[in-house]
Amino acid sequence: MSNIEIGVAGIAIALALIALRVPIGVALGLVSIIGIGEMTSMRVAWGMISATPFDFAGTWELTAAPMFLFMGYLCTSTNMTQGLFHAMRLYLARLPGGLAVSSVMASAFFAAASGSSVATSAAMSRIAVPEMLKHNYDKGLATGTVAASGTLGSLIPPSVLLVLYGVYAQVSVGQLFMAGFIPGVLSALLYIAMIMVRTKLNPSLAGNTDVRSSWDEKWDAFKHIWPLPLLIGSVLGGIFLGIFSPTEAGAVGTTIAALIALVRRTLTFSAIREALIRTAVSTASIFIILIGSLFFTRFLAMSGVPAAFSEIILGVSTETWWIILAVAVIYLVLGMFIDSIGLLLLTLPLILPLVEGADLNLIWFGIIVVKLLEVGLVTPPIGLNVYVIKGALGNSVTLSEVFKGVTWFIVMDVVALLLIVLIPALSLYLPQKMF
């Protein structure tokens with residue numbers, strides 16, 4: 001077999017192993033070791049195993065991921081995110097579809113604190129969905145809102161996906177955060193606009209939305225959630241103003257979260273232990289996938305598959321629209337079956353040489369990729385956020401109801417994606433060469 005044939009066979013075997021539920025990092029690592037051994041020798045393959053993880057562990061930029069994970073878990077374990085939905089409900093419930101709008105806003109704040117789409121969906125499904133169902137909201141609208149709004153954690157900084165993309169593509173994580181902020185907010189606003197229009201045209205979707213509250217109640221609710229805007233503003237403001245790097249921002253955010261929890265008397269040893277354990281587990285799983293993907297990158301580079309893939313795509317057309325369309329098809333199809341982190345690290349070895357060959361801006365392209373990954377989180381048949389919602393709510397809703405509910409949100413995601421592609425200036429980062 002030629003090297004390219006070995007590379008193509010390796011991709012097919014890796015996808016088959018992932019479909020059989022072999023952990024993504026393990027699947028990529030095994031395929032890479034055997035493939036490199038077949039193309040060269042097992043001595044070369046074992047040499048890669050001994051060198052790559054050590055070199056990777058010394059990547060400074062990657063430390064931002066566990067820092068932001070710890071900050072998010074600390075906020076959750078110290079009840080800093082508690083009351084978000086209640087406060088948004090008091091302020092926004094009088095709008096058409098007010099409880100669903102409140103869910104989007106609460107999810108956006110939660111996502112900004114946690115940086116995790118799955119964590120946001122899991123938390124809000126237990127808080128917001130029962131409240132909407134109690135007020136006779138359509139089940140599809142209630143569950144679809146939370147499932148889709150949870151994806152905001154992928155784009156609104158600090159985002160773990162943006163950190164991983166930045167490290168892998170060797171671009172500034174800080175610039176990625178700046179570039180992702182406006183598209184993330186835009187997605188949330190499109191969700192809200194769609195909810196308000198639909199419920200205005202069909203009031204039965206929103207059931208009973210007559211939720212009245214006094215200004216005293218609103219002020220009391222604000223007193224419970226003020227730490228979160230302060231925390232998010234401090235972290236993002238420091239990054240945007242260039243005061244500190246993303247890793248330093250994660251450390252500062254964690255310190256501020258701990259101080260706020262200490263003042264509120266919710267910082268306990270059990271809360272810290274819970275946050276540390278969850279951070280360690282999440283970081284370990286991410287690092288295993290990353291190391292496997294680095295092996296896979298070396299394997300594919302030696303096989304020549306990325307170069308051949310780039311030639312095929314660019315041979316059809318070198319226009320930006322064609323490249324974005326080809327990449328979108330890849331992510332939307334694979335996103336139905338593979339989780340976002342695994343898909344990102346599985347595809348970057350193939351996609352990045354194509355993007356660099358077409359001389360596209362990697363910051364702008366990274367935002368497009370993460371937005372495509374967001375869509376994959378709610379796309380049937382395997383939308384991870386949909387299954388998180390179903391698992392949290394049990395038999396009170398069906399999978400078909402949740403998937404039906406996210407349909408309109410997927411449409412809004414497509415609109416947001418088109419705007420990001422067509423209007424790069426939506427980003428705070430303005431690349432010199434885009435098209």
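Mentor: Start with a term: buried means under 20% relative accessible area, exposed over 50%, and partly exposed in between (1.4 Å probe, protein chains only). This is a predicted model, where local features need pLDDT of at least 70, side-chain atom pairs count only at pLDDT 80 or more, and totals for chains, interfaces and linings use all residues. Residues are numbered from 1 along each chain as its sequence is written, and side-chain values use heavy atoms, with hydrogens and water left out.

Helices here are DSSP runs (H or I, at least four residues), numbered from the N terminus. Take α20, residues 399-422. Its buried residues include Val402, Phe403, Val406, Phe409, Asp413 and Val421. The buried residues of α20 pack against α8 (139-149), α10 (173-201), α16 (320-334), α18 (362-376) and α19 (384-393). Contact means heavy atoms within 4.5 Å.

Now its length. The expected span is 1.5 Å times one less than the number of residues. For the 24 residues of α20 that gives 34 Å, and the end C-alpha atoms are 34 Å apart, so the two agree. Yet α20 has a kink of about 35°, centred on Thr407. The bend at a residue is the angle between axes fitted to the seven residues ending there and the seven starting there.

Next, the loop between α17 (340-357) and α18, which holds Asn361. Asn361 counts as buried because its relative accessibility is 15%. The Asn361 side chain reaches the backbone nitrogen of Trp364 at 3.0 Å.

Last, Val355 in helix α17. Val355 is buried, at 0% relative accessible area. Beyond its neighbours within four places in sequence, Val355 is in contact with Leu360, Leu362 and Phe365. Val355 and Ser310 are 45 residues apart in sequence, and 8.4 Å apart in space, C-alpha to C-alpha.

Note on methods
Helix = DSSP H or I, 4+ residues; strand = E, 2+ residues; numbered from the N terminus. Polar contact = N/O pair within 3.5 Å; in protein donor to acceptor, adjacent residues only side chain to side chain.
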